[in-house]
Amino acid sequence: MGGVCYLGGGTALQKALGFSDTEEDMYRYMLSASGLYADEPKIRTYCEGSVAHFDWLVGHGVSYAQKFSAEKEISMPDGSLYYSGSELVYPYRDKAKPAPRGHVPPSPHLIGGRELMRALTDAAEAVGARVKLRTSARRLIVESDGHVVGQ
Ligand SMILES: Cc1cc2nc3c(=O)[nH]c(=O)nc-3n(C[C@H](O)[C@H](O)[C@H](O)COP(=O)(O)OP(=O)(O)OC[C@H]3O[C@@H](n4cnc5c(N)ncnc54)[C@H](O)[C@@H]3O)c2cc1C
């Protein structure tokens, strides 16, 4: 994956780079960009948690460059924040105050997905998770309250 996380509402990176954003503007943009069958409660929940999601990523070792890129590009060798959606154009610019919300780790590789996943898999392994490659799950072990506890 590209490693771009759509985050807003005033993440630490948005603030550090001088962009003001609100949860409400992010919500209005996402709702209007999601078409007729948008899952409104899910979008609300996603926007409510967005600043905390960014902090969670950073807390698990994902690092971001303190740099905005005016280009809408898939390769970001040194930038970390850009307009990844259609926030700046009609009709979305009239529905919500635009803000750059594409957060991506800088990467010497073509895209930032490798850096994002490297940090997260390192964090998972550091707390004891074991990654099993080339292993098929046949069924999930589900507890009576619906929680998946194994496979
Ligand atoms: C080229 C590309 C770029 C993308 N870039 C971005 C981006 O920048 N930002 C973004 O937000 N989204 C991006 N996406 C979308 C994003 O990657 C997906 O939405 C996301 O990975 C879905 O996560 P998932 O966990 O639901 O499924 P997956 O990531 O598909 O994970 C499911 C995993 O389960 C494994 N699996 C399946 N069956 C079994 C089985 N029986 N036993 C064991 N394992 C099994 C599969 O091998 C797979 O590894 C991109 C997608 C593509 C294709």
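A salt bridge here is a side-chain nitrogen of Lys or Arg within 4 Å of a carboxyl oxygen of Asp or Glu. Searching the whole structure turns up 7 salt bridges.

The model is predicted, so local features need pLDDT of at least 70 and side-chain atom pairs count only at pLDDT 80 or more, while totals for chains, interfaces and linings use all residues. Residues are numbered from 1 along each chain as its sequence is written, and side-chain values use heavy atoms, leaving out hydrogens and water.

Select R44 and E24. Their side chains form a salt bridge (3.2 Å, N to O). R44 sits in helix α3 (residues 40-48) and E24 in helix α2 (residues 23-33), so the pair ties together parts 20 residues apart in sequence. Helices are DSSP runs of H or I, at least four residues; strands are runs of E, at least two; both are numbered from the N terminus.

Next, select R28 and D25. Here is another salt bridge (3.2 Å, N to O). D25 is buried, at 11% relative accessible area; R28 is partly exposed, at 37%. Buried means under 20%, exposed over 50%, partly exposed in between (1.4 Å probe, protein chains only).

Go on to helix α6 (residues 113-126), where R118 and D122 lie 4 residues apart, about one turn of the helix. Their side chains meet in a salt bridge (3.5 Å, N to O).

Finish at R101, in the loop between α5 (92-95) and β3 (102-103). R101 is buried, at 0% relative accessibility. Its side chain makes a polar contact of 3.0 Å with that of Y6. A polar contact is a pair of N or O atoms within 3.5 Å; within protein, one must be able to donate a hydrogen and the other to accept it, and residues adjacent in sequence count only if both atoms are side-chain atoms.
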